[in-house]
Amino acid sequence: MLSSILRGAAAGAAGATALNAATYVDMAVRGRPASSLPEEAVEKIARTLGAGIPGDEERKQARETGLGALLGLVTGTAVGAAYGAWPGAGWRPDVLRGGLAASGAALVAANGPMTVLRITDPRRWSVADWISDLVPHVAYGFVTAATFAATVRKRRR
């Protein structure tokens, strides 16, 4: 079981890389700026915990950017680890079903906390906003599922 969870975490890290790549391609093609939501989440979490982010404004902003990106990587890796635990619970999806499930789990894991913290409200997103969010998460889900599937040893008969 631990091996499966670790392979899932590695697959989730690969998926997070795919998510980032899809996001950067979108930014390059459409000329859109990076989302400020990860930094806003870091700032709100720190404020909620009563912790300050040290440094002058420039260093504080750099730390928030770095911490926001790290939170994304941790989320992707954690969702991948959960994906790796699914076979132990008896669910062994093919890449299509697993990709869809991992995409949905990543969407909830990424957007759920920001919605709860009232940093964003997906009910108010435009179609373009949804596409900008869905496409990278779908890339995440399918790369995670395919990477995990590639690590599964086939039993010889």
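Lys60 and Glu64 lie four residues apart in helix H3, so about one helical turn separates them. In this predicted model, their side chains meet in a salt bridge with an N to O distance of 3.3 Å. Both Lys60 and Glu64 are buried; for Lys60 the relative accessibility is 19%, and the cut-off for buried is under 20%.

Lys60 also forms a salt bridge with Glu43, in which the closest N and O atoms are 3.7 Å apart. Lys60 belongs to helix H3 (residues 57–85) and Glu43 to helix H2 (residues 37–49), so this pair ties together parts that are 17 residues apart in sequence. Glu43 has a relative accessible area of 30% and is partly exposed, whereas Lys60 counts as buried.

Eight salt bridges are present in the structure. Among them is the pair formed by Asp121 and Arg124, whose closest N and O atoms are 3.6 Å apart. Elsewhere, salt bridges with shared partners join Glu43, Arg47, Lys60 and Glu64 into one network.

Notes. Residues numbered from 1 in each chain as written. Predicted model: local features only at pLDDT ≥ 70, side-chain atom pairs only at ≥ 80, totals over all residues. Heavy atoms only, no water. Salt bridge = Lys/Arg side-chain N within 4 Å of Asp/Glu carboxyl O. Helix = DSSP H or I, 4+ residues; strand = E, 2+ residues; numbered from the N terminus. Buried < 20%, exposed > 50% of the residue type's maximum accessible area, 1.4 Å probe, protein only.
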